[in-house]
Amino acid sequence: MGDNAIVHLGIGELLRHSAEASHPLRLGLLGGRLQRSGLHVACVGNADTGTALHREAVCIAMNEQGLVELGNVGEGVVDDAESLPYGVTSDPDRVVAALARAARRADVVVLDLGETSRAEEYAPLMPAAAARSARLEAIEKADRLLGKGIAALDPAEWSVLVITPSVREPDPGESFATLAPVVFYRPGARPGLLVSPSTTGGTRARRPGMVVNTDIAATVLDYFGIDIPAEVVGRPMSEQSVSGASLPQLQANVRRHDDVELTRRWLFRGFPMFAAAALWLAAFLIVLGERAPGWANSLVRGLLVAALSAPPAMLLVALRPLSAGETVVAVIGGALAIALLGGWMTGWRSGHVLPAVALVGLLVYDLLRGQGMLAWSPLSYSPAAGARFYGIGNEYGGALLGATLVAASGLLSRRDRAPWWERPIAGLFLAGVVALVGCPIWGANFGIALGCAVGFGLFALYLWQSRPAGQHMVAVAALAIAFAAGAISVGVLIQGAEASHIGRWLAGLRSGGWAA
């Protein structure tokens with residue numbers, strides 16, 4: 001169309017679908033932004049098979065009208081391959097020739113190697129062993145093709161970003177295959193691991209070696225010095241030097257992620273069922289009242305304390321790498337040990353206080369010290385699912401809210417016996433926890449900060465008022481919002497808008513108005 005080499009024939013349908021989305025979408029944002037900045041964009045290669053056309057790589061390079069200025073994604077870059085189940089393979093000579101032609105005019109070239117996509121599409125039709133063999137062969141062919149393509153470029157002028165747009169199904173013997181490799185080479189770059197504010201929460205590199213696919217557009221724009229629009233939710237990748245070889249560290253982290261994910265799968269089935277059963281039994285005994293036998297009350301009290309002890313145990317097991325089986329055993333053993341210690345220390349009267357205090361103390365310490373335990377706890381983040389990468393997640397945020405109230409109620413003296421200084425100190429500590437959870441530098445969880453602010457505010461209100469009135473409740477709500485907003489504002493001022501999702505949202509308000 002016009003002077004453009006490629007047109008996405010489905011752009012009209014894509015635009016209709018994006019208009020129906022629940023949040024604003026900008027198709028062709030990367031290609032359009034590059035084009036309007038005076039850069040030339042090309043797309044080369046495809047993942048066609050014998051039965052279908054696969055030229056999805058055009059979506060990365062196209063502008064808002066579905067157009068790509070340069071390149072070749074047609075049948076001219078592939079060849080028949082009767083020995084392969086999908087019947088088509090990328091022709092290395094033709095692909096490299098097309099790449100060289102595009103590189104003479106283009107500033108950005110999207111190269112679709114094609115081989116791994118073809119193998120993955122046909123993997124469900126093959127026996128497991130054959131699918132794995134085909135995938136390994138495809139990776140080797142793609143590697144050779146990439147090597148030839150790079151050799152055709154001037155290494156002093158070109159950078160290379162290798163990405164995997166979609167993850168594959170697990171091989172036999174694997175539990176997960178949800179993390180895909182990303183490789184970024186640029187002239188003068190230091191060897192190391194990639195980092196991104198998307199997974200580190202600002203300038204502190206809490207997740208070295210882990211970035212997200214939404215960072216790709218931001219990285220390309222930042223590389224060329226182009227302002228990143230508010231619609232781009234990712235942040236630019238950068239490299240971080242590490243001591244020793246980076247690849248073994250990355251492989252060890254991937255293995256540990258797999259173990260944590262497998263542990264999470266087991267614990268998230270058993271632990272909620274255990275906790276729910278204990279709570280239902282407690283409710284049943286409350287209904288029975290004085291008719292409940294004493295042994296039943298003691299048993300259920302012990303079960304509840306054990307359930308309360310599980311979250312701190314799941315933090316402690318993250319102090320060192322463990323296999324999935326070892327982690328489950330350590331969580332069960334640790335929870336029982338914390339519960340028994342709490343009962344023994346209080347003469348079996350207030351066994352719930354120690355687990356609550358332990359959880360609050362561990363979480364506050366870990367948030368301030370870099371979140372090493374939160375990063376590997378089976379009750380915390382799930383990077384493989386893209387759930388969270390830094391700060392405090394909703395699981396431990398909810399546990400922190402409840403445990404703080406349990407700990408405070410167990411430690412504070414009765415109202416008629418309390419020294420004058422006890423309740424002001426308790427109020428300041430509760431306010432500090434709210435600020436810690438809400439600040440992007442540490443907790444980075446706006447919703448949990450609001451929940452803690454309201455819960456702690458009402459708790460503190462009852463410390464001073466026997467029967468709070470309506471205006472007291474309104475004052476608590478106002479203070480809760482002020483605390484959370486203040487913590488976030490401080491974080492944004494210190495680290496900038498990229499420090500959290502709420503910071504990005506505020507940046508979107510400034511640039512895009514109330515549509516954000």
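**View 1. Arg94 is partly exposed, at 36% relative accessibility.** Here partly exposed covers the range between buried (under 20% relative accessible area) and exposed (over 50%), with a 1.4 Å probe and protein chains only. Arg94 joins its side chain to that of Asp91 in a salt bridge, 3.6 Å from N to O. The term means a side-chain nitrogen of Lys or Arg within 4 Å of a carboxyl oxygen of Asp or Glu. Is Asp91 buried or exposed? Asp91 counts as buried, because its relative accessibility is 14%. The structure holds 12 salt bridges.

This is a predicted model, in which local features need pLDDT of at least 70 and side-chain atom pairs count only at pLDDT 80 or more, while totals for chains, interfaces and linings use all residues. Residues are numbered from 1 along each chain as its sequence is written, and side-chain values use heavy atoms, leaving out hydrogens and water.

**View 2. Glu115 and Lys141 form a salt bridge.** Their closest N and O atoms are 3.7 Å apart. The pair links distant parts of the chain, 26 residues apart: Glu115 lies in helix α5 (residues 115-122) and Lys141 in helix α6 (residues 128-151). Helices (H or I, at least four residues) and strands (E, at least two) are DSSP runs, numbered from the N terminus. Glu115 has a relative accessible area of 2%, so this residue is buried. Lys141 has 22%, so this one is partly exposed.

**View 3. Arg186 reaches Glu239 through a salt bridge.** The N to O distance between the two side chains is 3.1 Å. How many residues separate the partners? They are 53 residues apart, and the pair links distant parts of the chain. Arg186 sits in the loop between β9 (183-185) and β10 (193-195), and Glu239 belongs to strand β11 (residues 238-240). Arg186 is partly exposed because its relative accessible area is 24%.

**View 4. Helix α2 (residues 29-36) meets helix α8 (residues 215-223).** Their axes come within 10 Å and cross at roughly 10°. Therefore α2 is roughly parallel to α8. (Axes are lines fitted to C-alpha atoms, for helices over the stretch in contact, with angles from 0 to 180 degrees between N-to-C directions; under 35 degrees is roughly parallel, over 145 roughly antiparallel, 65 to 115 roughly perpendicular and the rest oblique.) Leu30, Arg33 and Leu34 of α2 touch Ala217, Val220 and Leu221 of α8. Contact means heavy atoms within 4.5 Å. By class, 5 residues in this contact are nonpolar, none are polar and 1 is charged.

**View 5. Tyr223 and Phe224 form an aromatic pair.** The structure holds 2 aromatic pairs. In this one, the ring centres are 5.1 Å apart and the planes stand at 85°, so the pair is edge-to-face. (Rings of Phe, Tyr and Trp, for Trp the six-membered ring, pair if their centres lie within 6.5 Å; planes under 30 degrees apart are stacked, over 60 edge-to-face and the rest tilted.) Tyr223 is partly exposed at 34% relative accessibility. Phe224 is partly exposed too, at 29%.

**View 6. Trp348 and Ala444 have positive phi values.** Phi is near 65° in Trp348 and near 55° in Ala444. Trp348 lies in the loop between α11 (324-345) and α12 (353-368). Ala444 lies in the loop between α15 (422-438) and α16 (446-464). Which residue is exposed? Trp348 is, because its relative accessible area is 54%. Ala444, at 11%, is buried.

Notes
Nonpolar A, V, L, I, M, F, W, Y, C, P; charged D, E, K, R; others polar.
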